Amino acid sequence: VTAIRSRVVAMGYPLATLVFGLLVGAVAVIIVGGNPVVVYKQLADGAGMQWILQWIPGNPFGVSVKDARIGETNVISTLVSATPAILTGCAVGFAFRCGLFNIGAGGQLVMGAITSFVVAHFVGGGVFGMVLASIAGVLAGFLYGALPGALKAYRGAHEVISTIMLNFIAIQIGRYLVGIGGPLQKKNSGTPFSEKLDPSVRWPHFWGEFETAQVHLGLLLAFVAVFVYWVILERTTLGYEVRAVGFNPEAARYGGVSVPRAVVLAMGIAGAFAGLAGSGETLGHYYQLQENTLSGVLVTLGFTGIAVALLGRNHPIGIVLAAFLFAGLDSGARQLSGEIPAELARALATIIQGAVILFVGGEGLLHWIFRSRGPKKERTVHPPPTAATPGEGL
Amino acid sequence: VTVTPARIAQAGIVAAGLAVLSVVPPILLDTVIAPLVLAGIAVVLGIVAIRRGEGRLGGLALFAASVGGLSGILFANTDTATVENIVTAGLFASTLRFATPLVLGGLGGVICERSGVVNIAIEGMMLMGCFWGFWVSTETLSWEIGLLAAMLAGGVSALIHAFFSIHLGGNQIISGTAINILALGVTSFAYRSLIGSSGTPDVDRIPTVHLPLIADIPFLGDIIGDLNLMVWLMFVLVFVIWIFLTRTPWGLRLRAVGEHPRAADTVGIDVYRVRYLAVVTSGLLAGMAGAFLSFGFGSSFNENMTNGRGFIALAAVVFGNWRPFGVLWAALLFGFASALGNALQTAAGVNATLVNALPYVFTLVALVGLVGRSRAPAASGRPYQKQ
């Protein structure tokens with residue numbers, strides 16, 4: 001019974017957090033004179049809800065053929081957004097399990113995206129180039145993650161600060177490469193974009209008609225990555241060591257675990273997940289490097305990863321669910337119009353995401369509210385989402 | 001005169017400065033050898049100083065050497081007229097403009113972190129001040145009220161951070177990340193619904209200070225003759241906060257709370273109150289930094305206007321070793337790098353993007369301790385449980 005209860009509680013917190021986040025969003029909608037129920041219904045539709053509803057036997061919601069077709073486009077857009085979100089969720093979650101706060105998933109993703117592009121562009125055609133480019137992206141992510149891991153393990157540099165700095169370094173490298181006059185910028189184009197990759201090196205895609213909105217190999221790889229995430233953490237010695245260090249580094253050291261090795265590898269593997277996400281954005285989604293995307297959407301994906309890992313409680317299934325949720329929020333917001341102005345919608349999605357992170361971080365809030373009622377009890381220290389406290393001793 | 005490691009490092013910095021001077025007016029050597037030799041000397045002196053234990057100044061010497069060497073190469077290869085376009089009083093004036101928000105945000109970071117609360121939300125607090133101050137200033141047409149509103153917006157954001165990280169004992173990084181994202185969402189949302197595409201409204205800008213006699217001095221007058229009020233306020237605040245932290249009992253209490261909260265609690269210091277005040281103060285300062293961006297130096301707001309400046313301010317805190325004057329020097333250095341990058345871009349058409357990465361690279365180097373390790377307050381980031 002206790003096990004079931006703790007399961008329910010474990011599910012209950014993220015759900016409560018989500019409700020809080022949606023309430024904050026609702027307040028924002030009400031302030032600008034909209035109806036939050038209508039807005040959230042539109043958000044769900046924009047995420048592709050209609051497409052899912054049509055499969056319910058008997059079609060109780062009466063989804064028309066036209067709505068179902070629009071719904072299909074929206075579902076595709078949600079799946080395209082979910083692909084990197086799952087992977088950056090793994091990137092943040094894996095580091096969390098080692099007691100590390102990886103704010104650098106965005107930078108690791110950007111380095112993966114750049115490296116994949118460079119390899120695919122210069123090695124060129126065919127499956128060989130594609131596979132090489134994918135591996136190179138993962139490797140770049142691994143190295144860009146292992147670097148702050150090593151700085152932490154051997155020099156005591158806090159990973160939060162160093163990954164923030166590395167994010168900006170990655171952005172500047174990207175800007176330099178594809179900015180006007182940069183070495184990878186498309187010649188004589190006047191726009192800060194690289195050339196598009198040859199179709200033969202692009203990842204296969206299997207759903208969707210529009211060139212940059214297709215469900216691609218990355219989604220399958222993301223699921224494989226989630227499985228790998230689970231296997232490493234729960235079924236290997238390395239994963240045991242990583243979790244031991246996350247739980248209590250001192251105890252792990254006394255138990256014979258090499259803490260520096262665990263820290264470097266944990267950050268490296270975390271970076272590899274993000275690097276794979278970057279490969280996917282280059283080889284499966286955009287097919288080119290764009291200055292504004294590198295320094296905007298792609299880096300922001302690192303923060304989405306934080307939200308995903310926190311809401312999903314670093315659990316493989318939780319990460320997948322949370323990634324779909326934020327991806328749906330993202331693609332839903334893009335479709336939103338009418339009830340509130342379209343340009344407000346994206347900001348609304350950002351507000352909800354921020355509020356969710358805030359409330360996950362403040363799980364003590366519920367305890368604090370309910371502690372002030374009833375008999376005064378011994379104050380219990382509530383553990384944060386991870387066993388150790390990432391970011392401690394900054 | 002004894003040769004101390006500090007003097008060696010200072011000599012290195014001077015050599016690096018000469019490297020820059022050798023290729024700019026009025027000396028203007030049209031060769032790449034002189035700046036490279038001087039920068040090389042600066043590197044050697046910097047390394048020697050570091051080997052003898054003077055890490056921080058030695059690190060500065062290395063930083064200066066790389067700036068000197070780079071600009072030497074760039075300038076020597078561009079023609080004279082262009083160089084004269086780049087190195088003007090404007091370069092130094094814009095260095096001060098770039099540095100001001102970094103210093104203000106960084107001072108907030110220093111106060112917050114010295115009290116034991118990590119603040120990676122400077123960016124978000126700055127952005128809140130940036131928008132709300134701007135909006136209030138357009139509505140009231142009074143920069144004073146606008147500035148107060150900016151500080152208030154930063155302060156309120158900080159209060160949320162304080163509540164979650166002090167009272168609830170939550171993770172300070174999570175709370176900081178949340179505030180950064182929330183601030184981006186809230187300011188974009190509010191900007192689009194309150195101002196939107198109705199064009200740039202009239203705003204009452206924070207005034208510039210005209211110094212009557214000094215403004216007539218050639219060069220120097222062009223730099224400091226007509227600076228924005230906030231720039232001077234920034235210098236005053238560096239000094240005031242330095243006095244506060246190092247020369248007053250309140251400053252001592254704040255540092256005690258940041259180094260060893262249990263001990264501070266034992267001698268009767270209210271740890272929670274000190275931390276609340278420190279976090280909120282950091283929000284007020286970050287709000288001022290934001291105000292400078294939108295209606296001090298500039299006169300408009302756009303989405304995500306702070307654009308990472310809060311994180312460079314954080315870098316300045318780390319690079320400046322959690323000290324007010326350290327933050328000032330670091331921010332001036334970073335500001336100079338930005339100003340130089342901009343000048344190169346506009347005057348010479350050089351893709352100077354990589355110059356903008358220098359602050360982050362050097363913060364990493366400082367953090368790693370290759371050149372004198374930065375040391376964070378001992379209890380920074382740890383929630384404190386009262387007993």
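Among contacts in chain B that join residues at least 6 apart in sequence, 77% link residues at least 24 apart. The model you are looking at is a predicted one, and its chain B comes to 16 helices and 2 strands. Chain A likewise comes to 16 helices and 2 strands.

**Chain B overall**
- The radius of gyration of chain B is 22 Å, close to the 21 Å that the globule rule gives for 387 residues, so chain B is as compact as a globular protein of that length.
- Along the principal axes, the C-alpha atoms of chain B fill a box of roughly 65 × 55 × 40 Å.
- Of its 387 residues, 56% count as buried.

**Chain A overall**
- For 394 residues, a compact globule would have a radius of gyration near 21 Å, and the 22 Å of chain A agrees with this.
- The box filled by the C-alpha atoms of chain A is roughly 70 × 55 × 40 Å, taken along the principal axes.
- Buried residues account for 54% of the 394 residues in chain A.
- In chain A, 73% of the contacts between residues at least 6 apart in sequence join residues at least 24 apart.
- Chain A exposes about 16,800 Å², with 66% of it supplied by carbon and sulfur atoms.

**Nonpolar cores**
- The largest nonpolar core holds 218 residues, and the members that touch the most others are A:Phe94, A:Ile103, A:Ile164 and A:Phe273.
- Helix α13 of chain B gives the most to this core, with 14 residues.
- A second, separate core has 5 residues, among them B:Ala15, B:Ala42, B:Ala64 and B:Ala65.
- Leaving aside neighbours within four places in sequence, A:Phe273 is in contact with A:Leu87, A:Cys90, A:Ala91, A:Phe94, A:Ala225 and A:Tyr229.

**Helix α11 of chain B**
- This helix spans residues 249–259, and its buried residues are B:Gly251, B:Leu254, B:Val257 and B:Gly258.
- Seen down the axis of α11(B), those buried residues fall within an arc of 125°, so they line one face of the helix.
- Their cover includes α5 (89–114), α10 (229–247), α12 (261–266) and α13 (271–297) of chain B.

**A buried threonine in chain A**
- A:Thr293 sits in helix α12 (residues 291–295) of chain A.
- With a relative accessible area of 7%, A:Thr293 is buried.
- Not counting residues up to four places away in sequence, A:Thr293 touches A:Tyr286 and A:Leu298.

**Aromatic pairs**
- Over all chains, the count comes to 24 aromatic pairs.
- The ring centres of B:Phe131 and B:Trp132 are 4.9 Å apart and their planes lie at 75°, so this pair is edge-to-face.
- B:Phe131 is buried at 0% relative accessibility, whereas B:Trp132 is partly exposed at 23%.
- B:Trp242 and B:Phe325 also form an edge-to-face pair, with 5.7 Å from centre to centre and 80° between the planes.
- B:Trp242 lies in helix α10 of chain B and B:Phe325 in helix α15 (residues 324–348) of chain B, so the pair ties together parts that are 83 residues apart in sequence.
- B:Trp242 is partly exposed, with a relative accessible area of 27%, and B:Phe325 is partly exposed too, at 29%.
- Ring pairs also link B:Phe131, B:Trp132, B:Trp135, B:Tyr191 and B:Phe301 into a cluster.

Conventions:
Residues are numbered from 1 along each chain as its sequence is written. Chains are lettered from A and ligands numbered from 1 in the order in which they are written. This is a predicted model: local features need pLDDT of at least 70, side-chain atom pairs count only at pLDDT 80 or more; totals for chains, interfaces and linings use all residues. Side-chain values use heavy atoms; hydrogens and water are left out. Buried means under 20% relative accessible area, exposed over 50%, partly exposed in between (1.4 Å probe, protein chains only). Helices (H or I, at least four residues) and strands (E, at least two) are DSSP runs, numbered from the N terminus. The arc is that of the directions from the helix axis to the C-beta atoms. Contact means heavy atoms within 4.5 Å. A nonpolar core is a set of buried Ala, Val, Leu, Ile, Met, Phe, Trp, Tyr and Cys residues joined through side-chain atoms within 4.5 Å. The radius of gyration is taken over C-alpha atoms; the globule rule is 2.2 Å times the number of residues to the power 0.38. Accessible areas come from the Shrake-Rupley method with a 1.4 Å probe; for residues, only the protein chains shown count as cover. Rings of Phe, Tyr and Trp (its six-membered ring) pair if their centres lie within 6.5 Å; planes under 30 degrees apart count as stacked, over 60 as edge-to-face and the rest as tilted.
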